[in-house]
Amino acid sequence: MALFKKEHEIILKHLQEYGSITSYEARDKYGIIRLPKYISELRLLDDIHISEDWILREDEFGNTHSCKVYLIR
């Protein structure tokens, strides 16, 4: 990928260390918004396989929301 940015490196490192990431984690831990954009760009690399699933997440008010989680295989 010609335009491998700092955000790509941060997301990939997080995935390799923890196995998954959500948009909430990317925003809260790293200040990265538009996680799906970076994930789709990382998927263009042949040796990186990222899948996705939905999880339920509880917010600070106790409300439950569905949230996409990206997983590295």
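A charge sits over a ring if NZ of Lys or CZ of Arg is within 6 Å of the ring centre and within 35 degrees of the ring normal. K37 meets this test over the face of Y38, at 4.5 Å from the ring centre. R57 lies over the face of Y24, at 3.7 Å from the ring centre.

This is a predicted model, in which local features need pLDDT of at least 70, side-chain atom pairs count only at pLDDT 80 or more, and totals for chains, interfaces and linings use all residues. Residues are numbered from 1 along each chain as its sequence is written, and side-chain values use heavy atoms, with hydrogens and water left out.

Now the sheet. Strands (E, at least two residues) and helices (H or I, at least four) are DSSP runs, numbered from the N terminus. Two strands pair if DSSP finds at least two bridges between them. Three strands form an open sheet in the order 1-3-2, with antiparallel pairing. Strand 1 (20-22) and strand 2 are the edge strands, each pairing on one side only. Neighbouring strands are turned by 35 degrees against each other on average, direction ignored. Axes here are lines fitted to C-alpha atoms, for helices over the stretch in contact, and angles run from 0 to 180 degrees between N-to-C directions.

Strand 2 (residues 50-58) and strand 3 (residues 64-72) run antiparallel, joined by nine bridges. I50 has I72 as its bridge partner in strand 3. Five residues lie between the strands of this hairpin, and G62 takes a positive phi near 90 degrees. Strand 1 pairs with strand 3 over three bridges, also in the antiparallel sense. There, S20 has L71 of strand 3 as its bridge partner.

Next come the helices. Helix 2 (residues 23-30) lies across strand 1, strand 2 and strand 3, and runs at about 80 degrees to strand 1. Helix 3 (residues 35-42) packs on the sheet and touches strand 1, strand 2 and strand 3. Its direction makes about 25 degrees with that of strand 3. Contact means heavy atoms within 4.5 Å.

Which residues of helix 3 are buried? They are L35, Y38, I39 and L42. Buried means under 20% relative accessible area (1.4 Å probe, protein chains only). Seen down the helix axis, the buried residues of helix 3 fall within an arc of 100 degrees, so they line one face. The arc is that of the directions from the helix axis to the C-beta atoms. These buried residues pack against helix 1 (6-18), strand 1, helix 2, strand 2 and strand 3.

Notes: Buried < 20%, exposed > 50% of the residue type's maximum accessible area, 1.4 Å probe, protein only.
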